[in-house]
Amino acid sequence: MKRVIIIGAGVAGLGAAFKVQRAAEAGADVECVVVERDDRVGGKLATHIIPDPEGGEYVVDGGSDAFVSGKPAIARMARLLGITEAMRPARDENKKTLIVKGDRLIEMPDGIMMFAPTKLMPLVTTPLYSWPGKLRMGLDLVLPRKERWAPGETAQDHDETLESFVVRRMGRECLDRVAEPLVGGVHASEPTQMSLAATFPNLLEMEQQFGSVVRGMLHQRKQAEAMKKTYPPKPGDAPKTFFNTFDRGMQQLALAMADAIGQERIRTGAAVTGVAKTDGTWSVALETGEVLEGDALIVATEAWAAEKLLRDVDTGIADLLATIPCSSSATVPMAFRAEDCPFDQRWFGILAPLVERRPILAVTLSSSKWSDKAPEGRVLLRGFIGGPLNQHLLEASDEELIDTVHHELVELLGMRPDAEPIFAEVFRWNGGMPQYTLGHLDRVDEIERQVGQVRGLGVAGGAYRGVGVPNCIESGERAVTKILGEWGIDLEEDRS
Ligand SMILES: Cc1cc2nc3c(=O)[nH]c(=O)nc-3n(C[C@H](O)[C@H](O)[C@H](O)COP(=O)(O)OP(=O)(O)OC[C@H]3O[C@@H](n4cnc5c(N)ncnc54)[C@H](O)[C@@H]3O)c2cc1C
């Protein structure tokens with residue numbers, strides 16, 4: 001029996017373990033053990049169920065609160081786990097994004113796709129941009145491509161930062177007001193560093209194909225509308241929305257994965273302190289002094305944690321892992337009585353551009369974005385603190401972070417200053433946001449090449465090829481495919 005040790009029970013580690021388990025159930029002579037430092041599974045899928053003193057409960061996600069329906073890994077996983085019924089669409093009737101400009105909140109104009117305007121009147125009438133800013137955005141339609149790619153070249157061969165691309169095509173105001181908070185915000189990234197090839201290669205591809213981002217987005221919109229006409233929703237189908245979640249929060253997915261893997265194969269509260277390889281055997285030392293042995297190892301932790309663990313095994317790989325920077329963030333969910341929130345609640349989120357220099361990057365109105373996350377008559381909000389300019393704020397105590405978010409809600413939304421939160425929590429994600437900086441994909445290629453040369457080793461997680469939950473699941477699965485391949489085990493599901 002071959003044994004795979006997996007370090008980290010975030011979705012990447014669980015995705016890996018579930019695949020090993022499926023291989024075992026399909027007859028392969030393999031097993032796995034997952035070791036996780038925290039006392040729970042899920043990593044950045046962290047849900048707290050909090051009772052309201054007057055009845056009902058809150059479903060509070062402290063990390064990821066959604067998944068994008070366009071990426072199939074989660075729907076596939078939900079089917080395998082039998083939890084499809086628990087998937088919930090966002091309440092798109094409230095789908096509005098508000099952007100902070102000075103002391104105002106301005107609704108993001110209709111038709112903005114990523115940052116490109118695709119509808120004329122909303123662009124003309126919005127007070128979000130100045131007239132020179134709007135005209136500069138229009139130049140995207142006539143500006144030539146930066147260069148023509150040679151046949152076979154991809155976005156990776158022409159990587160560019162978010163700042164360089166957006167300023168070149170649409171001007172700085174477009175970057176500052178929308179592209180940075182909306183596109184850069186996904187990674188809480190510095191636009192002058194963020195690699196487009198690693199995050200949104202489609203933008204670079206659109207410029208090649210259509211000579212303009214606006215034309216590329218218009219084409220995409222037409223295609224989506226045509227698809228809707230060809231495949232209209234069947235009566236009784238759940239509405240298809242861009243964002244989805246699970247009714248008991250995102251951790252529900254991790255918990256279901258853990259059940260399917262088998263709780264007896266998962267050791268929580270088990271921090272790994274060191275890793276060694278002797279001949280074909282991997283040894284994993286736990287903080288408790290215990291040493292586990294296996295035939296293969298998958299490190300599914302943050303890049304900086306993987307670097308520490310792998311330094312004694314392979315300094316080349318560790319040095320490469322050290323080139324993936326990570327930034328910290330915190331989310332601050334809090335609930336209020338509706339009477340303390342005298343503002344329109346038909347919106348999903350507020351974005352605070354870096355140029356506004358506010359202490360928060362964003363606010364999500366969870367009770368409006370999702371059904372059943374808060375009892376009737378209650379408002380559930382979540383402040384997000386982090387990003388390149390605000391790393392120092394994270395040194396503050398939990399009480400100070402709660403006060404900061406509360407103060408922002410009063411200033412931006414007109415919440416009653418004396419409103420007492422029904423509860424407030426702080427989830428800290430120290431070094432939890434991998435930064436995909438210029439050239440990231442080349443470094444990941446090299447990490448994968450070097451890991452490929454070490455028999456029985458895999459790495460997985462959000463640090464490599466996508467931070468989204470579906471990407472992380474797939475990265476765990478790919479690590480298992482590599483290892484099973486070395487053992488000559490070919491899974492039916494990989495062939496179909
Ligand atoms: C605030 C926030 C909001 C987000 N929102 C979304 C969203 O809405 N949608 C989306 O798709 N993505 C979102 N993401 C990104 C997504 O949640 C993550 O990229 C993904 O969950 C990472 O999964 P992972 O398994 O790679 O890593 P993690 O979840 O970080 O898991 C790694 C695990 O390794 C463990 N570990 C580390 N070192 C050791 C050690 N020495 N020994 C044992 N265990 C160890 C850690 O404790 C951790 O549990 C968000 C991320 C954050 C931080």
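Just after helix 10, G262 has a positive phi of about 105°. Keep in mind that this is a predicted model.

**How enclosed is helix 10?**

If you want to find them on screen, the buried residues are Q251, Q252, L253, A254, L255, A256, M257, A258 and I261. What do these buried residues pack against? Two helices are on the list, helix 1 (11-25) and helix 2. The strands on it are strand 2 (30-35), strand 3 (47-51), strand 11 (243-246) and strand 12 (266-267).

**The two helix partners**

Two packed helices are described by the angle between their axes and the distance between the axes.

| Pair | Angle between axes | Axis distance |
|---|---|---|
| Helix 1 and helix 10 | about 30° | 9 Å |
| Helix 2 and helix 10 | roughly 50° | within 10 Å |

Take helix 1 to begin with. Its axis and that of helix 10 are 9 Å apart, at an angle of about 30°. Angles under 35 degrees count as roughly parallel, and helix 1 and helix 10 are therefore roughly parallel to each other. The crossing of helix 1 past helix 10 is left-handed. On the helix 1 side, the contact uses V11, L14, A17, F18 and Q21, and on the helix 10 side A254, M257, A258, A260 and I261. Sorted by class, this contact has 9 nonpolar residues, 1 polar and no charged.

Now for helix 2 (residues 73-81). Its axis and that of helix 10 (residues 251-261) come within 10 Å and cross at roughly 50°. That angle makes helix 2 oblique to helix 10. Helix 2 also passes helix 10 in a left-handed crossing. From helix 2, the residues I74, M77 and L81 meet L253, A256, M257 and A260 of helix 10. This contact of helix 2 with helix 10 has 7 nonpolar residues, with no polar and no charged ones.

**Stepping back to the domains**

How is the protein divided? Domain 1 covers 2-43 + 250-324 + 436-495, domain 2 covers 47-90 + 326-434, and domain 3 covers 111-230. The C-alpha centres of domain 1 and domain 3 are 35 Å apart. The two are in contact through 7 residues of domain 1 and 10 residues of domain 3. On the side of domain 1 that touches domain 3, there are 4 nonpolar residues, 3 polar and no charged.

**Two loop residues with positive phi**

M114 has a phi near 60°, a positive value in a residue other than glycine. You'll find M114 in the loop between strand 9 (112-113) and strand 10 (116-117). Is M114 buried or partly exposed? M114 has 18 C-beta neighbours inside 10 Å, so this residue counts as partly exposed.

D279 is another non-glycine residue with a positive phi, near 50°. Its loop runs between strand 13 (272-278) and strand 14 (281-286). D279 has 4 C-beta neighbours inside 10 Å and therefore counts as exposed.

Conventions:
Residues are numbered from 1 along each chain as its sequence is written. This is a predicted model: local features need pLDDT of at least 70, side-chain atom pairs count only at pLDDT 80 or more; totals for chains, interfaces and linings use all residues. Domain bounds come from an automatic or database domain assignment. Ala, Val, Leu, Ile, Met, Phe, Trp, Tyr, Cys and Pro count as nonpolar, Asp, Glu, Lys and Arg as charged, and the others, Gly among them, as polar. Axes are lines fitted to C-alpha atoms, for helices over the stretch in contact, and angles run from 0 to 180 degrees between N-to-C directions. Helices (H or I, at least four residues) and strands (E, at least two) are DSSP runs, numbered from the N terminus. Angles under 35 degrees count as roughly parallel, over 145 as roughly antiparallel, 65 to 115 as roughly perpendicular and the rest as oblique. A crossing is left-handed if the near helix is turned anticlockwise from the far one by less than a right angle, and right-handed if clockwise. A residue is buried if 20 or more other C-beta atoms lie within 10 Å of its own, exposed if 12 or fewer, and partly exposed in between; C-beta atoms are placed from the backbone.
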